[in-house]
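Thank you all for coming; I would like to take you through one structure this morning, going slowly enough that we can check each step against the display.

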Amino acid sequence: MEELDYAGVLAAGFGVASWKQLRTAGMTRTDLRHVLASGALRCIRRGWYATALANTDVVAAVAGGGVLSCLSALRLHKVWVPGASTPVHIRARASAHRGVHRAFCEQYGRPESEITSVDELTVALRHALRCLDPEGIVVVCDSILNQGLLELSDLVTVFRPAPARIRALLDKCDGTAQSGTESMTRFRLRARGVELRSQVDIAGVGIVDFVIGTSLIVEVDGYETHSSKEQFEKDRERDRKAVELGYIVIRLTYHQVVHEWESAESSILDVIRRRGHLKPLVDRKELVSDDT
Ligand SMILES: [Zn+2]
């Protein structure tokens, strides 16, 4: 029974836990000696233990003098985080900073004590507010809201110690965004003064990511990997129906949003400059009577 308790603590810490946690879960000094002798656990820092299959980022954070936090912890909590997954983001108690040359993540307000090997979502997010640019903060918060991991009122609490310019970003968040690339597209186009509506339901087409003006649809692929053949066919069918109704459709891949944004943006701005986004739409009744 007790063993299950340590297993739970270790699983929650992605394979890493402190002696304090293990002891609270019922482990005795004798138990610890046994699991260390059997190789089931190893000591990675004074008072911290890891299983053989522990998450390597978590082990690196704890062995490196802190706990996994910020962007790295957000990724483990399944939040969509922009950019590369390295370097590992670690935070540490103030005493661990002395004489150490590596960069630890910090938060607005007083430092937290170390409780678990991986920071919980709210603590990780508070640290991420200092490691991300404004767009990254909005992207991460959109993902948290969209997945229902936290409510907007929770975000308000997390943001409270941050400066006003960071708190103001909460007004730019939108939990309807289905992917990080969709959040990036919205954030960047709004920054260029483009007014757009998100997740618009168009009769005969379905829900599209964005509508600009009356007649410009922008759809964004959320994933780096190619969608299934079935999804590919479905998307083209939707595009064709939208064009029949008089819409212009711009479909952006993940790669175009993340790596070739300038060119993607200039296509959209060109359509707007030519007033293509204000074209009158075809009356759907006319379409139906043409068919019959
Ligand atoms: Zn960080």
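Before anything else, a word on contacts: I will say that two residues are in contact if their C-beta atoms, placed from the backbone, lie within 7 Å. Please also keep in mind that this is a predicted model.

With that cut-off in hand, take Ala128, which, once its neighbours within four places in sequence are left aside, is in contact with Cys70, Leu71, Leu74 and Val140. Ala128, Leu74 and Val140 are also among the residues with the most contacts inside the largest nonpolar core, which has 65 residues. Helix α8, residues 134–146, supplies the largest share of this core, namely 6 residues.

Let me turn to helix α9, residues 152–159, where Leu155, Val158 and Phe159 are buried. Seen down the axis of α9, these buried residues fall within an arc of 90°, and therefore they line one face of the helix. They pack against α7, α8 and α10, while the face turned away from them carries the exposed residues Ser153, Val156 and Thr157.

On the overall layout, the protein is divided into domain 1 (2–54), domain 2 (67–172) and domain 3 (180–288). The C-alpha centres of domain 1 and domain 2 lie 27 Å apart, and the contact between these two takes 4 residues from each. On the domain 1 side, there are 3 nonpolar residues, 1 polar and no charged ones.

Just after α14, Arg275 takes a positive phi of about 60°.

Terms used:
Residues numbered from 1 in each chain as written. Predicted model: local features only at pLDDT ≥ 70, side-chain atom pairs only at ≥ 80, totals over all residues. Domains from an automatic or database assignment. Nonpolar A, V, L, I, M, F, W, Y, C, P; charged D, E, K, R; others polar. Core = buried A, V, L, I, M, F, W, Y, C linked by C-beta atoms within 7 Å. Buried ≥ 20, exposed ≤ 12 C-beta atoms within 10 Å, placed from the backbone. Helix = DSSP H or I, 4+ residues; strand = E, 2+ residues; numbered from the N terminus. Arc of directions from axis to C-beta.
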